[in-house]
Amino acid sequence: IPCDASAPMREERVAYDGPDTESEISCVTQYVKKALSMQAGAATTVDSDEFKAAMAAQAGESAVSSITPEMATQLAGMNMVETITLLPGGPHNGFEHWNLYGDDKSALKGLPRNARAEGLLLACGAPAASVHGDVYAGRVVDCEEAFERRDFLIADMDSNAPWVALAKEVNGRRAAGGAGAAEARVKAALGDAGANAQFGSVTAPGGAGLGSEATGGAVGAATWRDADDGELELRVRLPEGPLRERGAAKLLNVSLKRGGKELLVTAKGVEVPLVTAAPLYKAASTDEMTWFLDKETSELIIGLTATDGGNWGGNLVAGGGSVEAPEAAQ
């Protein structure tokens, strides 16, 4: 989907070695990464101050103090593929995920906004986002029993398509804090272990941050509170299954997105998050974030430090934000 509205959309075929291969898993992101690195319109240099400000919001001031204009341009050129979910897969659609794939630094590179991609997000009821540069659309079946790449055709861009209607319904339930779509997402992420899991999903009312300074807060199996050192400590009790077994840490990835305002916990090989919290009450520093698994309690423990050094006041998300987390079987 080109960002130039006058340029036609096109279908491109991605080759891989065959079903059930590592090539099938990685082929789309590798193809997109190579294609987007060559897209026209990207700035040949970037504003060093702007780049450092964006990096500081994610990694902390100490990580960017020595960045020169030349280094800023070089770092901006090291593009990674960002996945934007249109329709999260689950039992409601045979675990079929519909996604957009773009350059995670497209805005910083000065690429124009992509009106068609933003329109598709709007039609799907997905969270509003500014999409810059060319993007690719794809779909994939991903669950414990199967991984299969499927075609995303130009015909699928029809805003009246059945999958778009389903996306609007599912994303609407998620935005409203409904448990139906959230439960589907965690079961997709956990496979067989999902049979032993329930899911908690709560939206913070305006002005509330899903917590209090004295007690912190909780959603499902996730609890959080202020630590003595100014961190916010988030604990997530993991469901029975692979995530409680030896080596489970290798299956998990904990990351901060959107300038440190969104927390994501994903499981290896799964394209939908296991835990989400956004927007965070404060921008959190990637450089100072810590996480580990407590084997005795089967908990994932995450430490978040605000980039401004301030106290969280027992809040995980800002007013109007939401938290989704599994509720592990006891």
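Q: Which residues does Leu304 touch, not counting residues up to four places away in sequence?

A: In this predicted model, Leu304 touches Glu231, Leu232, Leu256, Leu280, Ala284, Met289, Trp312 and Leu316, with residues up to four places away in sequence not counted. Leu304 itself belongs to strand β13. One of these contacts, Glu231, is 73 residues apart from Leu304 along the chain, yet the two C-alpha atoms are separated by 5.4 Å.

Q: Is Leu304 buried or exposed?

A: The general idea is to look at the relative accessible area, where a value under 20% counts as buried. Leu304 has a relative accessible area of 0%, so it is buried.

Q: Which residues of the largest nonpolar core touch the most other members?

A: The largest nonpolar core has 28 residues, and those that touch the most other members are Leu263, Leu280, Ile302, Leu304 and Leu316. Two or more residues of this core come from each of β7 (222-226), β8 (232-237), β9 (252-257), β10 (262-267), β11 (275-280), β13 (299-304) and β14 (317-328). Leu280 has its own set of contacts beyond four places in sequence, including Leu256, Leu263, Leu304, Trp312 and Leu316. Another core, of 20 residues, lies apart from this one; Val131, Phe152, Trp163 and Ala167 are among its members.

Q: How are the strands β6, β7, β8, β13 and β12 arranged in their sheet?

A: Strands of a sheet pair through backbone hydrogen bonds, and the pairing may be parallel or antiparallel. Here five strands form an open sheet in the order β6-β7-β8-β13-β12, and the pairing is antiparallel. At the edges stand β6 and β12 (290-294), each of which pairs on one side only. From one strand to the next, the twist averages 15 degrees.

Q: How many bridges join β7 to β8?

A: Five bridges join β7 and β8 in the antiparallel sense. Individual partners can be named: Thr223 has Arg235 in β8 as its bridge partner, and Trp224 has Leu234. Strands β6 and β7 form a hairpin with two residues between them, and Gly220 in the turn has a positive phi of about 55 degrees.

Q: In what order do β1, β2, β3 and β4 stand in their sheet?

A: These four strands form an open sheet in the order β1-β2-β3-β4, with antiparallel pairing. Because β1 (81-87) and β4 (147-150) stand at the edges with a single partner strand each, one side of each is left without a neighbour in the sheet. The twist averages 35 degrees from one strand to the next. Within this sheet, β2 (residues 96-103) and β3 (residues 136-142) pair over six bridges, and Tyr101 stands opposite Tyr136 in β3.

Q: Which strands does helix α1 touch?

A: Helix α1 (residues 22-36) packs on the sheet and touches β1, β2, β3 and β4; its direction makes about 40 degrees with that of β4. Helix α4 (residues 115-123) lies across β1 and β2, and runs at about 40 degrees to β1.

Q: Which residues of α4 are buried?

A: The buried residues of α4 are Ala117, Glu118, Leu120 and Leu121. They cover an arc of only 155 degrees around the axis, so they are on the same side of α4. The face turned away from that buried side carries the exposed residues Ala115 and Leu122. Just after α4, Gly125 takes a positive phi of about 70 degrees.

Q: Where does the side chain of Asn93 reach the backbone oxygen of Glu96, and at what distance?

A: Asn93 is placed in the loop between β1 and β2. The side chain of Asn93 reaches the backbone oxygen of Glu96 at 2.6 Å, and the backbone nitrogen of Phe95 at 3.4 Å. With 19% relative accessibility, Asn93 counts as buried. Leaving aside neighbours within four places in sequence, Asn93 is in contact with Leu87, Pro88, Trp98 and Leu166.

Notes. Residues are numbered from 1 along each chain as its sequence is written. This is a predicted model: local features need pLDDT of at least 70, side-chain atom pairs count only at pLDDT 80 or more; totals for chains, interfaces and linings use all residues. Side-chain values use heavy atoms; hydrogens and water are left out. Two strands pair if DSSP finds at least two bridges between them. Axes are lines fitted to C-alpha atoms, for helices over the stretch in contact, and angles run from 0 to 180 degrees between N-to-C directions. Contact means heavy atoms within 4.5 Å. A nonpolar core is a set of buried Ala, Val, Leu, Ile, Met, Phe, Trp, Tyr and Cys residues joined through side-chain atoms within 4.5 Å. Buried means under 20% relative accessible area, exposed over 50%, partly exposed in between (1.4 Å probe, protein chains only). The arc is that of the directions from the helix axis to the C-beta atoms. A polar contact is a pair of N or O atoms within 3.5 Å; within protein, one must be able to donate a hydrogen and the other to accept it, and residues adjacent in sequence count only if both atoms are side-chain atoms.
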